Amino acid sequence: MGFEFMLTFENLKNYVMKNVAYLLLVIGFSALANPVETVTVSGKIANVADRKISLRGESFIKEITLKPDGSFSETFKTDYNGTYLLSTAENRMSVYLTRATNLKITADNQDFYKSILFTGKGSTENQYIARKTAVSMMINQEEMYRLDENAFLSKLKEIVAAMQSNYDTTKFEDNDFKQKEAKNIYYFEQLYFQNYPSYHAHYSKTENFKPTASFPKLDATINFDDESAFLFSNPYKQLVNAKFNETAESKMKPTDQFMSAVALPEIKKLKSSSIKNALSQVLSYEISSGNPNSAELYNQLMALSTNALFKKDITEKFNKIKTLSTGKPSPGFDYENYKGGKTSLESLKGTYVYIDVWATWCGPCRQEIPSLQKVEEQFKGKNVRFVSISIDARKDNEKWKKMVADKLLGGIQLFADNDWNSKFVKDYGIDGIPRFILIGPDGTIVNADAPRPSDPKLIELFTDLKI
């Protein structure tokens, strides 16, 4: 519980890593049968530019507008005792809320993790989380996972010892928290054991890396259907996703493009409604214009999930993709061009337009760059324009420009106006990247979920269209 979740959220599951990069701060929302509880949270968070903070939980989102001086006071209903995500646009961390919570929070958004202070009922446990977060903040994920086995295990032992010392020296007021947190530290360690092989292979650029036989294995006795642990522990959520992915992938055939057919039966076996809902949300990314079975998947997820917020979201998404069929007019854009000025889709009429929606922080997006450059070279001078639209945050505009220059990115390089909330992104129902779209010379949709540059089917498609 704490920042370690955010440090690993890009790897909710290996299947997602291979196919899309997801910007999730919380793993799904779920509607629970627990009695509704009321908590009070107040305080003052200085230097929040947009004066917006939020609290998120399973099937719960509370948006709070700060007063001009940064103060706030909110009493609201929650579904469960457990962890929630407190966030500003720049910072986020877990907080622990129960029916007895009457918590006051003070912080400076410009130095959030060092300045945050909790007082009131529930402050002991939340100040503990803040100290634990400070430990996690010092972890450089890339450097740590690049270490060889012995150095990695030594570093992990040091981190866990620091967390354990924090735990041992805290006089908890909530005994339930204390008991669950002991397991949470264990899940944290297990998560690093689980991640090391694939992360080390990636960061050390060592293909087919396999740890030695003596490297610790994931504890086979962990119960991956524990509602209480899921509501409390973020590392446990990561482990649940890893195990789910492992099971689903083992059942997939090499020719399978989508995992929902094998994954849905596994989800239905679970007892935990929160875990069912979270994994259903993972599968919802397969509701897309490129999946011919989207309608069936939508209906199954609607029947399976008990989360009203999630069901509302996927209904909106499903209705959106129904408007993106071949031959329909494409939504437009008019975005900043790396070379200066702005470029609109309308200005590109008369040629096919192959669009790559990406971001500098997206690993799978970057992996497609060499293949995209090869396709661009192969079809140079043909009747197709290659457009890359970055959905990086506005603050990362210079980072985007630097990568375009450093990687010698070709085609038309554009920067969307409002990252994930850009109209073009929303119009296409894009909730995972990279995403590729092919538009015809007349401005109509050819394929709203086109093959990737690394997929031979893209060349087949271009050839069939006589581009």
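Reader: Is Asp419 buried, exposed or partly exposed?
Author: Asp419 is partly exposed, with a relative accessible area of 21%. The cut-offs: buried is under 20% relative accessible area, exposed is over 50%, and partly exposed is in between, with a 1.4 Å probe and protein chains only.

Reader: Where is Asp419?
Author: In the loop between strand E13 (412-415) and H16. Helices (H or I, at least four residues) and strands (E, at least two) are DSSP runs, numbered from the N terminus.

Reader: What about the phi of Asp419?
Author: Near 35°, a positive value in a residue other than glycine. Most residues other than glycine have a negative phi, and most peptide bonds are trans.

Reader: Predicted or experimental, and what are the ground rules?
Author: This is a predicted model; local features need pLDDT of at least 70, side-chain atom pairs count only at pLDDT 80 or more, and totals for chains, interfaces and linings use all residues. Residues are numbered from 1 along each chain as its sequence is written, and side-chain values use heavy atoms, with hydrogens and water left out.

Reader: Where is Asn208, and is it buried or exposed?
Author: Asn208 is in the loop between H7 and helix H8 (227-232). Asn208 is exposed, at 70% relative accessible area.

Reader: Which residues does the cis peptide bond join?
Author: Ile433 and Pro434, with omega about 5°. Pro434 is in the loop between helix H16 (423-427) and strand E14 (435-439).

Reader: On to packing. How many residues are in the largest nonpolar core?
Author: That core has 50 residues, and Leu55 and Ile116 have the most contacts inside it. Helix H7 (residues 175-203) gives the most to this core, seven residues. A second, separate core of 34 residues includes Ile389, Ile391, Phe415 and Ile433.

Reader: How is a nonpolar core defined?
Author: As a set of buried Ala, Val, Leu, Ile, Met, Phe, Trp, Tyr and Cys residues joined through side-chain atoms within 4.5 Å.

Reader: What does Leu55 touch?
Author: Among its partners are Val41, Phe60, Ile64, Phe76 and Val95, leaving out residues up to four places away in sequence. Contact means heavy atoms within 4.5 Å.

Reader: Now H6. Which residues of H6 are buried?
Author: Glu149, Phe152, Leu156, Ile159, Val160, Met163, Asn166 and Tyr167. Seen down the axis of H6, the buried residues fall within an arc of 115°, so they line one face of the helix. The arc is that of the directions from the helix axis to the C-beta atoms.

Reader: And what is on the other side of H6?
Author: Asn150, Lys157 and Asp168 are exposed there. Cover for the buried residues of H6 includes helix H4 (123-137), helix H5 (141-146) and H7.

Reader: Is Glu58 buried or exposed?
Author: Glu58 counts as buried, at 1% relative accessibility. Glu58 is in the loop between strand E2 (52-57) and strand E3 (60-65).

Reader: What does the side chain of Glu58 join in a polar contact?
Author: The side chain of Lys237, at 3.0 Å. A polar contact is a pair of N or O atoms within 3.5 Å; within protein, one must be able to donate a hydrogen and the other to accept it, and residues adjacent in sequence count only if both atoms are side-chain atoms.
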